[in-house]
Amino acid sequence: MLEFCKSVLSKVSFDRALFAKELKKSVTWLKKSEIQNLKDWCLNRYGHLYGDLIISTFSNQALIA
């Protein structure tokens with residue numbers, strides 16, 4: 001599932017709103033052990049574009065979990 005989420009995020013990375021929507025979905029689908037991996041991947045690959053969005057999404061997930 002992690003690789004699927006990465007694939008989807010790569011395909012929608014051109015649009016901030018789509019990226020945000022798919023990132024939120026991805027976080028809900030993944031196992032807790034995969035979430036940190038996704039966060040690291042997102043920050044490395046898209047941090048320059050959506051760093052604030054990525055940090056916010058994963059911070060909100062920590063509050064929910």
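Predicted model: local features only at pLDDT ≥ 70, side-chain atom pairs only at ≥ 80, totals over all residues.
Residues are numbered from 1 along each chain as its sequence is written. Local features need pLDDT of at least 70, side-chain atom pairs count only at pLDDT 80 or more, and totals for chains, interfaces and linings use all residues, while side-chain values use heavy atoms, without hydrogens or water.

Q: Why is Met1 called exposed?
A: Its relative accessible area is 53%. Exposed means over 50%, buried under 20%, and partly exposed in between (1.4 Å probe, protein chains only). So Met1 is exposed. Met1 lies in the segment before α1 (2-12).

Q: Why is Lys25 called partly exposed?
A: Lys25 has a relative accessible area of 32%. Lys25 lies in helix α2 (residues 16-29). Helices are DSSP runs of H or I with at least four residues, numbered from the N terminus.

Q: Why does Glu22 count as buried?
A: Glu22 has 13% relative accessibility. The limit is under 20%, so Glu22 counts as buried. Glu22 is also in helix α2.

Q: What is Glu22 in contact with, leaving aside its neighbours within four places in sequence?
A: Glu22 touches Val8, Leu9 and Val12. Contact means heavy atoms within 4.5 Å.

Q: Which residues is Ile54 in contact with, leaving aside its neighbours within four places in sequence?
A: Ile54 is in contact with Phe19, Leu23, Lys39, Cys42, Leu43, Tyr46 and Gly47.

Conventions: Helix = DSSP H or I, 4+ residues; strand = E, 2+ residues; numbered from the N terminus.
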